[in-house]
Structure formats: structure tokens, C-alpha cells
Amino acid sequence: MNVFFDALLELFWPTRCVLCNRSGYVLCPFCKSKLSFINPKYACKFCGAPFGYLSCTACKKDWEIDFVVCALSFDEGAGEVVKSYKDKRERRLKDFIASSLYEAYLAASLDEYKFDWLCYVPASKQAMQKRGFDHMKQVALQLQEYLAIPCAPLLKKDKRKDQRRLSRKDRSANMQAAFSLDEQFDLRGASILLIDDVITSGATIREASLALKAAGAKRVVALAFARVW
């Protein structure tokens, strides 16, 4: 029945690339090849900016997080992928986002850190009501299959304004003490891989890391799909 229903949907609403509208692909090979993937060899290890290895002008190295790895530079293409997944409900893009995170994870040799937990920056209740799903939870569950690191909802997000509508200056103030911990998890001495979709000012992952370390985490490493710089 599901196969028949999928075929019927494809007949009347054919799959099209979210970037160029080419039929048959959610994200076609040509558009995928044009995305700006980051080589971690040249990236800033503190904030994930793509060319900050020697001297980074994008961070202040005070993010309260051990270091950051990002898969792509945030440009028009990466932005449309994120928007299509989060706001246009093209949930099939979670596979591409998760695989991009996995490739960045391997390229940066993060497996050497022996993570105890994989967690994600959760959506707010307002975003959940609007979208009907927690976008990074779905990515985390997919990534868990690649990494074999247990995924858990360690963080809870309190009500805040949408970060995308704020200036860099206001983002930090908006995210202060934005996260609380699920107390059923013992994080004492834990090494945690924290994932998010887009890093801009670093305010979100900074506050998430502060909450995790306040609960006893020894190391927090952030892995993000795209980096604004």
C-alpha cells in the first residue's frame, strides 16, 4: 500500500530538486557539487569558520565549547537546503544533512574522542507546533545509525525569540540560560557530540554547552551543517 501511495504521489507531485527544480531528485548531483563544503584542515578549530586555521577573525575563542566542526559554508544553496527542510517540510533532506555531518565528522577525525552521547539543539515548543517535527532530532537519529553513538534528548529549550530575526548582538542576549537539562541522564565526566543546523554568532551552541558542562560533561564538541562567517 505504501509503495502504491508513494507512486501516486510521485505521479501528481513529482520530486524536484530544492535548488534547481530538476525532476527526480530532492537535491540533484549538480547542485550538490556546487555546495561549499569545508575542509577541516583549513578551518578554525574553535568556531568552525572555513578559513580560520592560522588566524580566525570570526570568533573570540570564548564559546565555552571545546571546538566546532562544520560541514558547509553558509551560502544561498546551504541556506535553501536548511529552509526547505525546516520550513518547507521537505523531510527527505534529513538524509543529506546527516550524511554531510557524518562526512565532516570523519574528515575531522572526531571518532578519536570516544563520545558517550550524541545530542542535538532541540526545537522550541513554538517551532514544534509550527513545523510539526523537531528537525535536528530527526537528523540526530539518522546520524546515530552512522556513528553508533547513543542519541539522547539531553537538552530542553525554553521559550526564546527566533534567532534568525535577530542581529548578532541580540542573539547572545536572547540565548542566555536558554537550555535546561533532562535530569534522568548522568553526564558526569561524559564526552558529548552536540549537533545543530546553522552556527551564526555561536550563541546557541555556547549556551547549550554551558548547560551540558554545568551538569558535569567533561567535553562538548559541536558539529553543525553550515557555518555563517
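Biologist: How far apart in sequence are the residues that contacts join?
Modeller: Counting contacts (heavy atoms within 4.5 Å) between residues at least 6 apart in sequence, 72% join residues at least 24 apart. Keep in mind that this is a predicted model, where local features need pLDDT of at least 70, side-chain atom pairs need 80 or more, and totals for chains, interfaces and linings use all residues. Residues are numbered from 1 along each chain as its sequence is written, and side-chain values use heavy atoms, without hydrogens and water.

Biologist: Thanks! How many helices and strands does the protein have?
Modeller: Eight helices and six strands, taken as DSSP runs numbered from the N terminus (helices H or I, at least four residues; strands E, at least two).

Biologist: How do α4 and α6 cross?
Modeller: The axes of α4 (residues 93-107) and α6 (residues 135-147) come within 9 Å and cross at roughly 45°. Axes here are lines fitted to C-alpha atoms over the stretch in contact, with angles from 0 to 180 degrees between N-to-C directions.

Biologist: Which residues make that contact?
Modeller: From α4, Lys94, Asp95, Ile97, Ala98, Ser99, Leu101, Tyr102 and Tyr105; from α6, Gln138, Val139, Gln142, Leu143, Tyr146 and Leu147.

Biologist: And by class?
Modeller: Nine are nonpolar (Ala, Val, Leu, Ile, Met, Phe, Trp, Tyr, Cys and Pro), three polar (the others, Gly among them) and two charged (Asp, Glu, Lys and Arg).

Biologist: New topic: what share of the protein is buried?
Modeller: Of its 229 residues, 48% count as buried, meaning under 20% relative accessible area with a 1.4 Å probe, protein chains only.

Note on methods
Buried means under 20% relative accessible area, exposed over 50%, partly exposed in between (1.4 Å probe, protein chains only).
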